Amino acid sequence: MTQTQLPAVEFRAVAKRYGPIVAVDSVSFTIEKGTLVTLLGPSGCGKTSTLRLIAGLDRATEGAILINGVDVTHLSATDRDVSMVFQSYALFPHMTVLRNVAYGLISSGKRRPEAEEQARETLTLVGLGGLEDRLPSELSGGQQQRVAVARAIVLEPAVLLFDEPLSNLDARLRRHVRDEIRDLQQRLGLTAVYVTHDQVEALAVSDRIIVMDQGRIAQQGSPVELYRQPANRFIAGFMGEANVVAARLERLGAVEARVQLGNVSLTLPHRDVANGPIEVAIRPEAIRLEARSINSALPGRVLRAVFLGDHAEYTVSTEVGDLFIIDRLADNLIEIGTDVALSFSPSGLAVLPSA
Amino acid sequence: MSPANRRIVGFGWLALAWIGFVLLPWQGDDAGILAFDWTKTWPSGTGGSALGQALFGGRYWLLPLALPIALAAIPLRHPQLGRATGLALAACSLLALAWLAVVALSIDLRGWTWSVPQELFGPLSRRNPGLGLGAFVYAFAALMLICRGLAAYGVCDGDFFVTGMLGTVVATIGIFVVYPLVCMGVSAFQTPRGAFAPEMFFQRLANPRIWAPGGVVLNTLLLGIASATSSTFLALTFALVTDRTAFFGRRVLRFLSILPIIAPPFVVGLALILLMGRNGAINKILEWAFGFEGGRWIYGFPGVWFAQTLSFTPVAYLVLIGVIQGINPALEEAAQTLRAGPGRVFRTVTLPLALPGIANAFLIGFIESLADFGNPLLLGGDFQVLATSIYFAIVGARQDRGVAAVLGLILLAIMIAVFVLQRRTLANKTFVTIAGKGQGGGSMPLPAGVRWTCLAIAIPWAALTLVIYGMIVFGGFVENWGLNHTVTLKHYIAAFSVISTDHGLRFTGQAWDSLFTTLKLSLIAAPLTAVFGLMTAYLLARRRFFGRTAFEIGTLTAAAIPGTVLGIAYILAFNNPPLELVQTGLIVVISFMVRNMGPGVRAGLATLAQIDRSLEEASLTLRSGSFGTVCRILIPLLRPAILAGIVYGFVSAMTSISAVIFLVSPGVMLSTVYIVNLAEAGTYGVAIAYASVLIVLMLAVITGIQFLIGERRLRRRSVVVLAKAT
C-alpha cells in the first residue's frame with residue numbers, strides 16, 4: 001500500500017538552463033496518482049520545458065526528478081515510464097495507424113502479434129476501430145489526435161504527458177476532444193500532466209492547475225481556488241481578464257479583509273495579504289451595472305458598449321479606473337455616455353498585495 | 001536497452017580491441033589486407049599480430065598495448081557504469097590510443113625517429129611497413145571505448161550511439177583532413193630531405209614566380225574573378241529567361257545544368273582543343289575561308305577562362321534559379337501598385353532582392369575556379385595557376401615537396417577566406433522565401449530591354465554549350481580531328497574491345513582496367529560518402545554537444561578543401577609509415593569520401609530540416625533508444641536523401657580528378673587520370689571516346705535511378721543532389 005502513497009511525479013528544486021537563459025528556475029511540486037494536473041502559463045513561461053524534463057527529452061541542470069518515488073533525473077526518455085502526446089501529434093508518416101500504436105510495445109520487447117492485438121484494443125477504446133491500416137495522412141485532424149493518444153496510453157505509463165494537444169484542432173472540435181481526454185483519463189485512472197496556455201481549457205480538464213510565469217510556479221491549486229483567489233496580479237489577469245484596481249485596506253482579519261473601493265465598502269476573503277497598499281481583482285462578470293444612480297454603488301460612465309448575442313461587454317470609467325464588464329443578462333444595450341451605477345458580487349472579487 | 005545490454009555492447013568493443021591485438025596483422029603489406037598474404041609470416045613476422053611480434057619477433061614495445069585493454073575490463077565489469085567508472089574506462093582507452101600513437105610516430109621508413117628507443121631496443125631494419133588491419137581495429141575499438149566511457153560520464157546526455165558517431169566523425173576528419181594538412185604545413189618548413197629549416201619557408205614564399213605580376217597567385221585570382229563574373233552574368237540571364245519569359249528552353253537548361261556534374265571537369269577543355277586548337281575545326285574553317293592562321297590563342301588565359309565559363313555557368317544557374325524563383329511575387333506586385341513601371345520594378349525590387357544570391361553564385365564560381373585542375377592543365381600552356389603549379393611542383397622536373405606545400409597553403413588560405421566570405425554573405429542577407437513561388441500571382445514579366453538582352457545572350461550560349469558537349473560524343477567517331485574526318489570506330493575499339501574466347505569474355509581494350517578500378521572504388525566510396533555526410537548532418541542538426549560550433553566549422557571547411565591541396569597533403573602524410581596508404585585503393589576511397597561529403601551534409605541538413613523533430617522525440621518516449629529511432633524513423637524518412645547522397649557520391653567519385661591524380665599508381669589507375677594522360681600525350685581520339693563513354697554511363701546512372709525511384713518522390717530533392725556547390 002505504501003506504493004500508492006508515493007506521488008507519481010515529484011520535482012525537487014529542478015532548474016533547467018540553456019547557457020545564460022533560465023527556462024525553469026528551481027521548481028518543486030508533486031503530482032498525485034490518478035490526477036490530471038495542468039501546467040498553465042503564457043508562452044515562454046517554462047511549462048513546456050517542465051514537461052520535457054518530466055519526459056526526459058531534456059535533462060535537468062539542477063535538482064532531482066522522481067517518478068513513482070524512483071530518481072530518474074539521469075535516465076533518458078527511453079528508460080522512463082512516461083509517454084507523451086505531442087502538439088504536432090508526431091505520428092510516424094511512413095507507418096500505418098496500427099504500427100504507430102504498436103511501436104512502443106515492440107520497442108519494449110513485445111512480440112509483434114501480441115503488440116498488434118493490444119494496439120487494436122486500444123484503438124477500439126479511443127473509437128478508431130477499423131482504421132488500423134490507414135496511414136496518418138489519410139486521417140482527419142481529430143482522428144490523428146486520437147491515434148496519438150492511443151499510442152501513448154497503450155504503454156500504460158506511470159505518467160501520461162500532453163503537450164498542448166488541442167492546438168491543432170479547430171475551435172468546434174476542441175471542446176469535444178477536451179472532454180474526451182478528460183473522460184478517458186478518469187475512466188482509466190491515469191496520471192496525466194497537461195500543458196496549455198488556454199485558461200478555459202485548463203479549468204475544464206484539471207484536478208489541479210500549476211500556473212507558471214518566467215520559469216517559476218506563480219500559484220497552484222484547484223481550478224476554483226485559482227479562479228476565486230488569485231495570489232497576485234499576474235494570476236488574476238491570466239485566469240480570465242480580471243480588472244485589477246487599487247483599493248484601501250480598512251481592516252485586516254484572519255481570512256477576511258474590509259476594503260474601501262471608491263465610495264463602496266466591501267468585506268472580502270484574502271490570501272496572505274499583509275498591512276499596506278493593496279489591490280482588488282474584479283471579475284468582469286462580478287459587476288452589475290444599472291442605468292440609474294444608487295447610493296451605495298460606484299458611479300461611472302459607459303465608454304464602450306458591444307453587443308455579442310449571449311452577453312454584452314462594456315468599458316466603464318470610474319474614479320478607481322476603467323473597468324471591463326461582462327453583462328450576461330442584457331436585455332437591451334446601455335448606450336455610450338450613459339451614467340451608470342456599479343455594484344459588486346463579492347465572490348468575484350479578491351484582495352491582492354499591491355505589486 | 002537495459003543496463004545489462006549496455007555492458008554487452010562495451011564488452012563487444014573490448015573484445016574487438018583484443019582481436020586487433022592478438023590475431024590480426026599489426027602491419028600492412030603491399031599486397032593489401034584482403035590478399036591474406038600476411039598469413040605467411042604470422043605470428044612473428046611483419047604479417048604477425050602485435051602480440052605475436054612482441055612475444056616471438058622481439059618487438060617488445062608492442063607489449064604495453066595489452067595493459068590498457070586489460071585494465072578497461074575492470075570499469076566495464078562494474079555493475080553500474082556511472083560517471084566515475086565511465087571516466088576510468090575512457091582514461092584506460094585513451095592510454096591505449098596514446099601508446100599506439102607513440103609507437104607509430106617513433107618508427108618511420110628508415111628506422112627509429114628518436115634516440116631513446118634506439119638505445120633500448122637496438123636499430124630497426126631499413127624498410128619498415130606502415131600500420132595494418134590489426135592496428136586500425138585496435139585503434140577504432142579503443143576510440144569506441146573512449147566514447148562509451150564518456151557517454152557513461154554524461155557526454156551527449158549519456159547516449160553512446162551519438163557519442164560513438166561523434167567520435168567516428170571527429171577521428172576521421174582528424175586523421176584524414178587535419179593530420180595531412182598539418183603534415184603539409186610542416187613540410188613547408190623542411191628541406192627536401194626532411195630536416196627542419198624555417199628559412200626555407202620564407203625563401204619559398206618569397207619566390208617571385210608566386211607573387212610577381214604574372215605569378216601564380218595573381219593568375220589564380222584574376223582567372224577566378226574573370227570566370228566567376230562571366231559565369232554569374234550568363235547564369236543570371238539564363239535564370240531570367242527561364243523564370244520570367246515564356247521561352248521554351250527550360251528543359252534544355254535543366255539538362256545543361258546536369259552536364260558539368262556527370263562529365264569529368266576537364267572535358268570542356270578537351271572539346272575546346274578539338275574545336276579551336278591548332279588543328280581545331282573552327283580554326284580550319286577560318287583558315288580555309290580567310291586564309292587566316294588561328295594560332296594558339298586557346299592555350300593560355302583566354303582558353304582557360306572560356307572553358308571555366310562554360311563549365312561553371314550551369315552551376316551558377318542552379319543557384320540563381322532558386323533565388324529568382326524564391327522572390328515573392330507579392331513584393332513585385334506591391335511595387336507595381338505603387339506606380340512603378342516594369343523597368344523600375346526590376347531595378348528597385350527584383351535585382352536588389354536577388355543580390356545576395358548573385359553574390360553567392362559569384363563566390364561559388366570563384367571557389368570552383370580556384371579548385372579547377374583539369375582545364376588549366378590541358379589549356380593553360382605557360383599560364384599557370386595555383387592548382388596546376390602544385391601538381392608540377394610534385395611531378396615536374398624540379399620536384400620540390402616544400403614548394404608544393406607552400407603553394408598548397410596559399411591556395412588553402414585563399415579558399416578559406418572566400419569560404420568565410422560566402423558564409424557571411426549568406427548569413428546576413430537572405431530575402432528569399434524557401435518555399436519557392438508564393439501562392440497566387442505569377443511573377444512579373446521582364447522589361448522589354450532586359451528580356452531581349454537576356455534572350456540574345458542566353459540562346460547562343462546554350463547552343464554553344466550543347467555543341468561543345470556534342471563534340472565530346474561525336475569526336476570519338478572521327479579518325480583524327482582537323483586532319484582526317486573519316487568516320488571510324490577505331491578509338492572505341494582501342495579503348496573498349498572485348499574478345500570472346502573459350503574461357504569467356506576477355507576485355508582487351510586499354511580502358512577496361514582503369515574503368516573497372518574506378519567503378520569498384522566509386523561503388524565502395526558512394527555509400528560511405530553518403531553515410532558519413534548524413535552522420536555529420538545528423539550530429540549538426542539534431543544534437544547539442546560541447547564544441548558543436550567548432551565541429552560545424554571543421555566539417556564544412558574540410559568539405560571545401562580544394563582537391564589539389566588534399567592530394568598534395570595526402571602525399572606528404574601517407575607516403576611513409578606509420579600510415580602508408582598512397583597508391584592503395586583505400587586512400588582513393590577516403591579522398592572521395594572527404595572531398596564529396598559536403599553535398600551529402602547539405603542534402604542531409606536540408607532534409608532533416610523538413611522532418612519534425614518531435615517524430616524522433618515521440619519515438620524516444622515510446623521506449624526506442626536513439627539507435628532504434630535512427631533505424632526505424634529517420635532512415636525510412638531520409639531514404640530519398642540517402643539515395644541522393646549515394647548517387648552523388650558515386651557520380652562525383654567517377655568524374656573527379658584533382659585529388660586522385662596525386663594518389664594513383666599504375667596498379668590503381670582511374671578513368672579520369674587515364675583520360676588526361678591520353679590527352680596530354682596527344683591521343684585525343686581515344687581520350688574523347690573514353691570521356692563520352694563516361695558521360696553516357698553517368699547519364700544512364702542518374703536517369704536510371706530517377707526512373708527507379710520515380711520522379712514523384714525525388715523531384716524536389718534531386719535539386720539538392722545536383723546543387724553541387726551551394
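By buried area I mean the accessible area, taken with a 1.4 Å probe, that two parts lose on being put together, summed over both. On that basis chain A and chain B bury about 2100 Å² between them, with 58% of it on carbon and sulfur atoms. On the chain A side, Thr78(A), His94(A) and Tyr103(A) lose the most area to chain B, together 27% of what that side buries.

Before going on, some ground rules. This is a predicted model, where local features need pLDDT of at least 70 and side-chain atom pairs count only at pLDDT 80 or more, while totals for chains, interfaces and linings use all residues. Residues are numbered from 1 along each chain as its sequence is written, chains are lettered from A and ligands numbered from 1 in the order in which they are written, and side-chain values use heavy atoms, with hydrogens and water left out.

Back to the interface. Counting contact as heavy atoms within 4.5 Å, chain A brings 29 residues and chain B brings 22 residues. How many salt bridges are there between chain A and chain B? There are 2, where a salt bridge is a side-chain nitrogen of Lys or Arg within 4 Å of a carboxyl oxygen of Asp or Glu. One pairs Arg52(A) with Glu617(B), and the closest N and O atoms are 2.6 Å apart.

Polar contacts come next. These are pairs of N or O atoms within 3.5 Å; within protein, one must be able to donate a hydrogen and the other to accept it, and residues adjacent in sequence count only if both atoms are side-chain atoms. Between chain A and chain B, 13 residue pairs are in polar contact, both residues being at pLDDT 80 or more.

Which elements of chain A give two or more residues to the side that touches chain B? They are helix H2 (47-55), strand E6 (82-85) and helix H3 (97-107). Helices (H or I, at least four residues) and strands (E, at least two) are DSSP runs, numbered from the N terminus. H3(A) gives the most, with 4 residues.

Let me stay with H3(A). Of its 11 residues, 8 are buried, so H3(A) is largely enclosed by the rest of the structure. Buried here means under 20% relative accessible area, with a 1.4 Å probe and protein chains only. Among the buried residues are Val97(A), Leu98(A), Tyr103(A) and Leu105(A). Their cover includes helix H4 (112-125) and helix H5 (141-153) of chain A, together with helix H27 (613-621) and helix H28 (626-655) of chain B. After H3(A) comes Gly109(A), which has a positive phi, near 100°.

Val304(B) sits in helix H15 (residues 301-326) and is buried, at a relative accessible area of 0%. Leaving out residues up to four places away in sequence, Val304(B) touches several residues, including Leu223(B), Ile298(B), Pro376(B) and Phe383(B).

Ser230(B) belongs to helix H11 (residues 216-244). Is Ser230(B) buried or exposed? Ser230(B) is buried, with a relative accessible area of 15%. Its neighbours within four places in sequence aside, Ser230(B) is in contact with Trp305(B) and Thr309(B). The side chains of Ser230(B) and Thr309(B) also make a polar contact, at 2.9 Å.

Note on methods. Buried < 20%, exposed > 50% of the residue type's maximum accessible area, 1.4 Å probe, protein only.
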